[in-house]
Amino acid sequence: IEALASFDSAAGRINTPETVTQAAEWAVIPYALGVEGFTFESAERGERVLASKWSGSDTDARLRARAATALALLADRRGDQVVRDEWLNRLESIEQESDADAARPHRLVSALADASRGEYRMALERTAEDLAYDSAGLADRPFLRSALYLKRGEWYEELGMPDSAVSSWLWHQNTDLEGTVPPELVQAGEVDGALGPYADRRIAAAGAAAARADAASSTSTRPE
């Protein structure tokens, strides 16, 4: 966990808009997804950086979309629907910018709003098209795929579909690394691998819960 929480240390030594954004995403997104070892205090520091990136006149639309997505996930973790929806509206406002490519992030944050209202099937339907392979997005939005599959697993679990939840949480068992990403920047496959142990713990917990339910059912149906 300690190694994971400091995953961005090498990139942090190279001060570019993208590496600064990436370091802040590492502080915010795993915390927002519930991954152990990431603290509220670090997330707050990352939040300030990402908010400044959003408002910075020199930040390109692609990085602004990444900042808005991370901050929407954080607001959702806090249960702050008003702030989450503000970031959703901001994503929508830049979705048409040619270099933003914000359609997938917008659908994910829209699905967070669906899920917060208990509309888990709608959240799953809304994000289903984003399961398709996205080679460009893996380089430009390295955290988005992990967030998508972890959240979809949660929504399946809420619907009482543990097998589908487990299937979603197995997404990280892939080896797709894009050769065009500079070495100081993280790739989606690396994020998947880093957050995979958390997904494995969710899978183990789901299996244990299913075993307890089966044991309880067997006990209740046992003849006297």
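When I speak of a contact this morning, I mean heavy atoms within 4.5 Å. With that in hand, and bearing in mind that what we are looking at is a predicted model, among contacts in the chain between residues at least 6 apart in sequence, 65% join residues that are at least 24 apart. The chain has 224 residues, of which buried ones make up 48%, and its secondary structure consists of 12 helices and 0 strands, so that is the setting for the details I would like to go through.

Let me start with two helix pairs. Helix α3, residues 17-32, and helix α5, residues 61-78, have axes that come within 9 Å of each other and cross at roughly 20°. Because angles under 35 degrees count as roughly parallel, α3 and α5 are therefore roughly parallel to each other, and their crossing is left-handed. On the α3 side the contact involves residues including Pro17, Glu18, Val28, Ile29 and Tyr31, while on the α5 side the residues include Arg62, Leu63, Leu73, Leu74 and Arg77.

The second pair is helix α7, residues 103-116, with helix α10, residues 144-158, whose axes come within 11 Å and cross at roughly 25°. That angle makes α7 roughly parallel to α10, and α7 passes α10 in a left-handed crossing. If you want to find this contact on the screen, look for Arg104, Pro105, Leu108, Ala111, Leu112 and Ala115 in α7, which meet Leu144, Ala147, Leu148, Lys151 and Trp155 in α10.

Now to the aromatic side chains, where the structure holds 4 aromatic pairs. One of them joins tyrosine 31 and phenylalanine 40, an edge-to-face pair with 6.4 Å from centre to centre and 65° between the planes. Tyrosine 31, with a relative accessible area of 11%, is buried, whereas phenylalanine 40, with a relative accessible area of 35%, is partly exposed. Another pair, also described as edge-to-face, is formed by tryptophan 54 and tryptophan 87, at 5.5 Å centre to centre and with 90° between the planes. Which parts of the chain does the pair of tryptophan 54 and tryptophan 87 tie together? Tryptophan 54 lies in helix α4, residues 40-55, and tryptophan 87 in helix α6, residues 81-94, so the pair links parts that are 33 residues apart in sequence.

I would stay with these two tryptophans for a moment, both of which are buried. Each has an arginine to go with it: arginine 64 lies over the face of tryptophan 54, at 4.3 Å from the ring centre, and arginine 90 lies over the face of tryptophan 87, again at 4.3 Å from the ring centre.

Finally, a word on glutamate 125, which lies in helix α8, residues 120-127. Is glutamate 125 buried or exposed? Its relative accessibility is 57%, and because exposed means over 50%, glutamate 125 counts as exposed. The C-alpha atoms of glutamate 125 and arginine 152 are separated by 10.0 Å, with the two residues 27 apart along the chain.

Definitions and conventions: Residues numbered from 1 in each chain as written. Predicted model: local features only at pLDDT ≥ 70, side-chain atom pairs only at ≥ 80, totals over all residues. Heavy atoms only, no water. Phe/Tyr/Trp six-rings, centres within 6.5 Å; stacked < 30°, edge-to-face > 60°. Buried < 20%, exposed > 50% of the residue type's maximum accessible area, 1.4 Å probe, protein only. Helix = DSSP H or I, 4+ residues; strand = E, 2+ residues; numbered from the N terminus. Lys NZ or Arg CZ within 6 Å of the ring centre and 35° of its normal. Axes fitted to C-alpha atoms, helices over the stretch in contact; angles between N-to-C directions. Parallel < 35°, antiparallel > 145°, perpendicular 65-115°, else oblique. Left-handed = near helix turned anticlockwise from the far one by under 90°.
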